[in-house]
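Please read it alongside the sequence and the model.

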Amino acid sequence: MNLTLSPVQHSVKSIRFIRRGEVVNLGNVPPARTLLELLREDLGLTGTKEGCGEGDCGACTVVLGQIEDGALRFRAINSCIRLAHSIDGMALWTVEDLAAPDGSLHPAQQAMVQCHASQCGFCTPGFVMSLFGMYQNHVAPTLGAACASLPPKGGQRLRSAEAGAVAPTLAPAGEDQPITRALAQEELSGNLCRCTGYRPILDAAQHMARLPPAFVDASELLSKLELLGHASHAQEADLAYKLPQTLAALLRLRAAHPKAQLVAGCTDVGLWVTKQHRQFDQVIDLTQVAELRRIEHPAGHVLIGAAVTLADAFAALVTDRPQLHPFASRFAGLPVRNSGTLGGNIANGSPIGDSMPLLIALRASVVLMRESGQRELPLEALYTGYRQNVMAADEVLAFVRVPKPGSPHPHPLPLGEGVQAETGHPMQPDPLASSPLAGAGRPEFLRVYKISKRYDDDISAVCLAINLHIAQGVVAGASIGAGGVAATPARAVQTEAFLTGQPWTLATVRQAMAVLRAEFSPIADMRASGAYRREVLGNLLERYWLENRGLQQINLESFVLQERA
């Protein structure tokens, strides 16, 4: 399919992606056009719905397929805030693409029907697409779907038998099922339903595996994506929307275009388009820079590229620290985590960004790069004010370095270390080399707390991460990151200093609670009052003490709601 849209002021290259097994080639798409606008207004694919326009409701969910480490990776994403050009070289599925040519439904659709999981129907396409992503990532691998074949045109699946209108036989909720109840709840948290209720939708998520299977020919699609990638990379450099493939190319582009808008997953920049109606003359998209999409493990650290999605970045952190899983799953919904990047969340600098308090408590550092060199600094030293940072116009936040458990940085960090090249501190020649900020290992007791009005898929009023090293009843080291209580994500330096060297007793904790509350002057807004935020800060430190002493069942995440049949 070839389609040329209305001309725009700035020349842009064509967007090329695969849909229904064929290459779609779209020309003259404005750089700030969203994927949802492209689907509904340009391609007439109105099954994808427009709801909130900010990645919150999930009605606009579509699924992208992309080559990662030689394999096909499926991701459900919000099309309303994703820029259309960002899917260049990928495969795309919308809700129109799931049924077979003969009209038989995909298991994601059939399960919704059989479990009576749709009422008004507006949110249903988004739920179906999230279910399709879950099916491809969790159910299909258990069925050996990677080797199955597709019809050559039109359909995206091959059924082994007709589903038929049969009563649902729900899969048991045991851990041996490809989709457990907990997994369904977690991965559907980014899709909101106002009328049906979630029980039948969760039933549908588990029921998919009981239906006749549907397959995507991964081998054929991988071949087409590889060919498409070569063809896309061979195109002449575009003047308005730039998709560099290498770190060197990105740094050259940033040096040449310091005023261009940098984008990654667009989970915040997309709101500038949909809510503030901003337009961009030039965009540099770093999500396809190969070096920045990697997660490396140099000695004692995990090095996360700035273009690594939040979903993958949190998965890497959870591998080393399993206690972080509940917090990671509460960072927005899965479609947002599938698009948003760790580097973007940090560089955005929002005082309520959830990743930064955690990373501050982990003594993470960031690597800033430009054509002339690079520098490394503690994450909290990146910020100078509300959404302001120390990066030069031609610098890019390239990597995030996080110490592994038992290997935090020295405390306290030497003032200014790694912050400015002018100070004389040597810049690291290789981001994979040992960090100048790394220190001797020691155990940690880490907890991170998110307080929000809604448990899932909501923005924090307060986020507090506490990481203490307690040896022989004394606080030998303290690292505390806070969000939502200042103009920037911040380190609680006064509280850290007070705790360090003190006996780990309730009396010490009570005094530290007062220090922590006095250290910040949070504002009042629609999420919480300043007084509430100060009170919560101290309460969370007390919760940390109770958990450290072994008290359980004091977090909402440990509460299990018993469903009725």
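Helix α2 is mostly covered, with 7 of its 8 residues buried (buried means under 20% relative accessible area, exposed over 50%, partly exposed in between, with a 1.4 Å probe and protein chains only). The model is predicted: local features need pLDDT of at least 70, side-chain atom pairs count only at pLDDT 80 or more, and totals for chains, interfaces and linings use all residues. Residues are numbered from 1 along each chain as its sequence is written, and side-chain values use heavy atoms, with hydrogens and water left out.

**Helix α2 and its cover**
- The buried residues of α2 are Pro107, Ala108, Gln109, Gln110, Ala111, Met112 and Gln114.
- Their cover includes α3 and α5 (198-207).
- Just after α2, histidine 116 has a positive phi of about 55 degrees.

**α2 against α3**
- Helix α2 spans residues 107-114 and helix α3 spans residues 124-139. Helices (H or I, at least four residues) and strands (E, at least two) are DSSP runs, numbered from the N terminus.
- The two axes come within 8 Å and cross at roughly 125 degrees. Axes are lines fitted to C-alpha atoms, for helices over the stretch in contact, and angles run from 0 to 180 degrees between N-to-C directions.
- α2 and α3 are therefore oblique to each other. Angles under 35 degrees count as roughly parallel, over 145 as roughly antiparallel, 65 to 115 as roughly perpendicular and the rest as oblique.
- The crossing of α2 and α3 is right-handed. A crossing is right-handed if the near helix is turned clockwise from the far one by less than a right angle, and left-handed if anticlockwise.
- From α2, the contact uses Pro107, Ala108, Gln109 and Met112. From α3 come Thr124, Phe127, Val128, Leu131, Phe132 and Tyr135. Contact means heavy atoms within 4.5 Å.
- By class, this contact has 8 nonpolar, 2 polar and no charged residues. Ala, Val, Leu, Ile, Met, Phe, Trp, Tyr, Cys and Pro count as nonpolar, Asp, Glu, Lys and Arg as charged, and the others, Gly among them, as polar.

**α3 against α5**
- The axes of α3 and α5 lie 10 Å apart, at an angle of about 30 degrees.
- That angle makes α3 roughly parallel to α5.
- Their crossing is right-handed.
- Phe127, Leu131 and Met134 of α3 meet Tyr198, Ile201, Ala204 and Ala205 of α5.
- This contact has 7 nonpolar, no polar and no charged residues.

**Leucine 183**
- Leucine 183 sits in helix α4 (residues 181-187).
- Its relative accessible area is 18%, so leucine 183 is buried.
- Leaving aside neighbours within four places in sequence, leucine 183 contacts Met134, His138 and Pro178.
- Leucine 183 and leucine 202 are 19 residues apart along the chain, and their C-alpha atoms are separated by 9.5 Å.

**Valine 536**
- Valine 536 belongs to helix α16 (residues 530-548).
- Valine 536 counts as buried because its relative accessibility is 9%.
- Residues up to four places away in sequence aside, valine 536 touches Ile451 and Val462.
- From valine 536 to alanine 461 is 75 residues in sequence and 9.7 Å in space, C-alpha to C-alpha.

**Whole chain**
- The chain has 16 helices and 20 strands.
- Of its 565 residues, 55% are buried.
- Among contacts between residues at least 6 apart in sequence, 70% join residues at least 24 apart.
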